[in-house]
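Work through the exercises below with the sequence and the coordinates open. Each task is followed by its solution in steps.

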Amino acid sequence: MSVLDLLALLPIIVIAAAAVVVMLAIALRRDYRLSAALAVIGVVLTIAALPVSFGMAPTQATPLLVIDHFALFFMGLLLATGLAVILLCYGYFSEREGQNEELYLLLLTAMLGAVVLVASSHFATFFLGLETLSVSLFALIAYPFKNKMSLEAGLKYLTLSGVSSAFLLFGIALIYGEVGTLFFQQIGALLRNSGGGDLAVLIGIIMIVGAMGFKLSLVPFHLWTSDVYQGAPAPISALIATVSKGAVFAVLLRYFIVSHANDFEALFTVISAIALLSILAGNLLALLQNNVKRMLAYSSIAHMGYLLVAFVALNRIGSQLTVETVSFYLVAYIITTLGAFGMVTVLSSAETEADALEDYRGLFWRRPWLAGCFTAMLLSLAGIPLTVGFIGKFYIFVAGVDGGLWLLLLVLIIGSGIGLYYYLRIVFQMMKEPARQEDQTGGAIPWPGGVALSVLTVLLLWFGVFPGVFMELIQGMAAP
Amino acid sequence: MILVWLIIVLFIGGLLAGLAERWSGIAPRWIALAALTIDACLVIVLILDAESLAVSATSSSWITDLKWAWIPRFGITFHLAVDGLSLLLVALTVFLGFMAVSCSWTEIKQGNGFFHFNLLWTLSGVLGVFLALDLFLFFFFWEVMIIPMYFLISIWGHENRAYAAMKFFLFTQVSGLLMLLAIVALVFVHYQSSGVFTFDYFDLLDAALDSTVAFWLMLGFFIPFAVKLPAVPFHTWLPDAHTQASTGGSVILAGVLLKTGAYGLIRFVVPLFPEAAHAFTPVAMTLGVVSILYGAKLAFAQSDMKRLIAYTSVSHMGFILLGVFAWNAIALQGAVMTMLAHGISAAALFMIAGGLQERMHTRDMGRMGGLWDDVPRMAAIALFFSIAALGMPGLGNFIGEVLVLLGAFQVDRAMTVVAALGLIVAPIYSLIVIQKAFHGSPSEHDTIRDFGAREMTAMGFMVVATVWMGLYPQAMMALSEPGIREQGSGIRKEESKQEIHTFGSPIPDSRYLSRGAVIRGQETGIKTSGSSIPIPGPRSPIPESRTDKP
């Protein structure tokens, strides 16, 4: 390991150091604002370190990690997402009782896991990154441990995540047993040379896909999603829905492309079926919900299904367009999901979580700007023009048409139609007359959350109307 | 640039109207009026441009054209252009915008600013639809216009507004995604044959399509337009949406939004897929005829006044479908005239129904009756527009429907004969309104106010427009003629191949329809074709001098 390698790994080092600093700061002096500020500074410094690595990319820094444009792009995306989550957490937890300083430590370690995950080129880092992320998430979900729902959600996530890790390890072992290496690159080369893989490798990959399906909450591995989203504090639900899923999707994509897993035709049949089921089940189940967090949970299942459509097209349209599509869609999905959960966050008070549909009644007449932002988020989730969600959906259409996936596209259209129904239900609730006149919960929303939401709304409209520049950026950055 | 301003003025006007509510309850209305006035001036400039273009007799039918880069990654441009056809519809949109503001003047009491914001944004989106010549941009506007419309229905609508608004949104959105799929597929087919990735209308016109592919793609375009039009069996959203929307919303919905479907058929389905659309003619014509008769029958069966008018729209839109798929210029002109005339007459009828509801708090005609004595002015105007809607010669709707029948007769006699029955049932459903609401024994009701000066002015404009269209349709037809001729190049191709008319002589010269035609034609140098087949002209490039450059 040379000094240059260390320079390339600077973002990972900085975020890890930030976690340590926050931990030490808590040990010295318990101060909520201090630890939040340190966390923000740490993430900002990490983002500032990205250009240093960018100058050296692409480079294989140690056998375990690869720092290329793809990794750096996702690092930037996930770190920015994490920053928004920290801002949302600040207002949300400042009112709550308990010792909330460690929250920021956990957020930083979760981000560390995500950053390692997107840069991993080896099963060891793959697994380490994933576990760092997951272990932080268990604690974060159950952070308000006096709340029964949170505790239950944390436990559920812990158990199921353990099972999925076991699957992942078994899958890795099967592949290792067959090819004798844990390097993505070498696995790919060996599989190509042997003229396609055999059954053990295929089963191994399917197990990995299953484990990842759990993290991405794809049908039929989705059963935990709604309970965990509902039980977790709103900003933490946002973290699970965005950072965790984004990182896992990125590493899965890298693995598939680098190790030529797309040579297996059978695999794509499996993934097609998963995509189809996720779109239909996610949307249909979301219809039945009266809790906004549960609704968003099911809608995120459907969105992961949409994203898989581009993934299925991988071996027909080539990696360039797939990576572009997935990257853009993930950006769109992250912006909107963060925004939607952010809205739940800023409306929640210390006593109650604002997640019942009824809580949003008349919001438009009480807080027009907030309701306007939420409407934009919901329309973006539904994929309506002027929002970034539409451009994302357009990308999926392009990838799907290019790959000739007509059945999946039709299912996507049906799913979008159903999706529209439940998104508009929330919008309609906001438009209704307020139920009670004195219903003025809270007053001003916490400013960090307000800043985060404003920035997200601006980005949502900006990328929705002028996506050209951003597309070029993705085109240049996103090739593993 | 003028085309961008058309859209931007309404867009900014909407924002200002939304913000202005804070300091004055009345300000949003005046801001909306101001924005529409600016747009009206721009439209007049464009019409004058079109006239001078006609005099100079250049070969292009495009009055002005503007193309900016937008999303280069996919060859998507911000491409707006206007020809006579779109210009007429733009003018209709702006005109009805005034009417919608006028009829909401006292009706909308809550959320005034947001109402006008939505109204102007809907209109802005509709203008975009009529002007866009990039398929992506078209789709963009197509979807954008339905969001504010959804709010117009769901916030200021009547008792069952949530259901109606949701149904409206779902129908348009899901069918819209089919169109997006078809657009992307068309672009890819074009890409495979030419190696150029583009969403531009003119480039895609040349796409070489396999007949099966063309059929599916055509269907992908046809369905969303048929939903919007609406044609049976995709019409079920319409009665709900129209009935539940506030008056201003109904005016925009019936007057303008339905026309976007018809416009899409003329602008996209026929020119992009001439062969496939031609093969589809029997189905489309049948749908048109069924819409005419079924809409008329259902209209007759309604007791809710707005619902009745909504179903008459289905019936009238059937004529448009028939006209577009008759594959000749006369029928196409008829379809365009029907679009304009129906836009105005349906809007006027909705304004009357809305006025009655505002005064009597009911739309049930069973609870009206004998209103003529109380509100003579309103009654007279209702009678006028009922008669216009039933197709009385001398008024706009007559011209449109007769031209459609005339054109369709050459193609399919049986179908046309059945469609003509629509002209017989129209008086029944039109006059039943007058009979139930304004004649008969007086109903129990409080004293109600007749139309005041504001309402009479608005109605006056609409009456004049209807009479003008009825007596001197050539003014509009000359404007839309070059555009239609251009669409005709596709038609010509089809006709020569298929030898459709095997009977009869070419249909009469348009001078029989309007004496003004000949003089007009000589004056402007537009050659009014004597044959049913429009003058074929290869699609002509836009003159350089008129092209706005970024």
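**Exercise 1: cis peptide bonds and backbone angles**

B:P233 lies in the loop between helix 9 (211-228) and helix 10 (237-244) of chain B; helices (H or I, at least four residues) and strands (E, at least two) are DSSP runs, numbered from the N terminus. This is a predicted model, in which local features need pLDDT of at least 70, side-chain atom pairs count only at pLDDT 80 or more, and totals for chains, interfaces and linings use all residues. Residues are numbered from 1 along each chain as its sequence is written, chains are lettered from A and ligands numbered from 1 in the order in which they are written, and side-chain values use heavy atoms, with hydrogens and water left out.

Task: find the state of the peptide bond from B:V232 to B:P233, the loop that holds A:P220, and the phi of A:T62.

Solution.
1. The bond from B:V232 to B:P233 is cis, with omega near 5°.
2. In chain A, a cis peptide bond joins A:V219 and A:P220, with omega about 5°. A:P220 sits in the loop between helix 9 (199-215) and helix 10 (225-231) of chain A.
3. A:T62 has phi near 60°, a positive value in a residue other than glycine. Its place is the loop between strand 1 (59-61) and strand 2 (65-67) of chain A.
4. For reference, most residues other than glycine have a negative phi, and most peptide bonds are trans.

**Exercise 2: helix pairs**

Task: classify the packing of helix 11 (residues 234-258) of chain A on helix 14 of chain A, and that of helix 5 (residues 135-144) on helix 6 (residues 146-156) of chain B.

Solution.
1. Axes are lines fitted to C-alpha atoms, for helices over the stretch in contact, and angles run from 0 to 180 degrees between N-to-C directions. Angles under 35 degrees count as roughly parallel, over 145 as roughly antiparallel, 65 to 115 as roughly perpendicular and the rest as oblique.
2. Helix 11 and helix 14 of chain A pack at about 175°, with axes 8 Å apart. The pair is therefore roughly antiparallel.
3. Helix 5 and helix 6 of chain B pack at about 10°, with axes 5 Å apart, so they are roughly parallel.
4. In the chain B pair, B:W142, B:E143 and B:V144 of helix 5 meet B:I146, B:I147 and B:P148 of helix 6 (contact means heavy atoms within 4.5 Å).

**Exercise 3: the interface and salt bridges**

Task: how many residues does each chain bring to the contact, and which side chains meet in a salt bridge with B:R73 and A:R30?

Solution.
1. Chain A brings 41 residues and chain B 37 residues.
2. About 3400 Å² is buried between the chains, 84% of it from carbon and sulfur atoms. Buried area is the accessible area (1.4 Å probe) that two parts lose on being put together, summed over both.
3. A salt bridge is a side-chain nitrogen of Lys or Arg within 4 Å of a carboxyl oxygen of Asp or Glu. The rule finds 1 across the interface of chain A and chain B: B:R73 meets A:E324 (2.5 Å, N to O).
4. Over all chains the count is 19 salt bridges. One of them pairs A:E102 with A:R30, the closest N and O atoms being 2.6 Å apart. A:E102 lies in helix 5 (residues 102-119) of chain A and A:R30 in the loop between helix 2 (10-28) and helix 3 (32-56), so the pair ties together parts 72 residues apart in sequence.
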